[in-house]
Structures are given as structure tokens and as C-alpha cells.
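Please look at the sequence and the structure below before reading on.

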Amino acid sequence: MISAFVVLAIFILYFINTLTNSLCVQKEIPEDKQGKVFRTINILITILLVSSYVEILFA
């Protein structure tokens with residue numbers, strides 16, 4: 001179960017980063033601010049994935 005969750009989490013992070021890149025291109029966000037946008041979204045998604053894993057683990 002852990003390996004399936006890790007594979008799914010990697011896929012989700014990749015997909016979210018692809019969507020974030022599309023957002024940055026569409027909204028014409030400057031290059032110097034894109035790093036902050038990616039970092040913020042990746043941290044929030046990672047927190048979401050960890051909390052969902054803990055919820056599944058203890059449910």
C-alpha cells in the first residue's frame with residue numbers, strides 16, 4: 001500500500017507542477033516570482049499528501 005501511495009503522490013506532484021507551469025504562462029507571471037509560486041504550491045500539496053497518508057494509516 002505504501003508503494004502505491006508513493007507512486008500516486010509522485011504522479012500528483014508532477015501533474016500539479018504541470019498545471020502550475022500552465023498557470024504561470026497564462027497569467028504571464030515574471031520569471032523571478034515563478035519560483036515562489038512553485039515552492040508554495042509544492043509545499044501545500046506535500047502537506048496535503050502527508051496528511052491524507054496519515055489519515056489513511058490511522059483510519
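The model is predicted: local features need pLDDT of at least 70, side-chain atom pairs count only at pLDDT 80 or more, and totals for chains, interfaces and linings use all residues. Residues are numbered from 1 along each chain as its sequence is written, and side-chain values use heavy atoms, with hydrogens and water left out.

Consider helix α1 to begin with. Helices are DSSP runs (H or I, at least four residues), and strands are likewise DSSP runs (E, at least two), numbered from the N terminus. The expected span of a helix is 1.5 Å times one less than its number of residues. For the 25 residues of α1 this gives 36 Å, and the end C-alpha atoms of α1 are 36 Å apart, which agrees. Just after α1, Glu-28 takes a positive phi of about 55°.

Which residues of α1 are buried? They are Phe-5, Ala-9, Thr-20 and Cys-24, where buried means under 20% relative accessible area, exposed over 50%, and partly exposed in between (1.4 Å probe, protein chains only). Helix α2 is included in what covers these buried residues.

Two residues illustrate such contacts, a contact being heavy atoms within 4.5 Å. Thr-20, in helix α1, has a relative accessible area of 3% and is therefore buried. Not counting residues up to four places away in sequence, Thr-20 touches Val-37, Phe-38 and Ile-41. Gln-34, in helix α2, is also buried, with a relative accessible area of 14%. Apart from neighbours within four places in sequence, Gln-34 is in contact with Cys-24 and Ile-29.

Aromatic rings are the next topic. Rings of Phe, Tyr and Trp (its six-membered ring) pair if their centres lie within 6.5 Å; planes under 30 degrees apart count as stacked, over 60 as edge-to-face and the rest as tilted. A search of the whole structure finds two aromatic pairs. In one of them, the ring centres of Phe-5 and Tyr-53 are 5.1 Å apart and the planes stand at 45°, so the pair is tilted. Because Phe-5 lies in helix α1 (residues 2-26) and Tyr-53 in helix α2 (residues 31-58), the pair ties together parts that are 48 residues apart in sequence. Phe-5 is buried at 17% relative accessible area, whereas Tyr-53 is partly exposed at 21%.

Phe-11 and Phe-15 form a stacked aromatic pair, 6.3 Å centre to centre with 15° between the planes. Both lie in helix α1, four residues apart, about one turn of the helix. Phe-11 is exposed, with a relative accessible area of 52%, and Phe-15 is partly exposed, with 44%.
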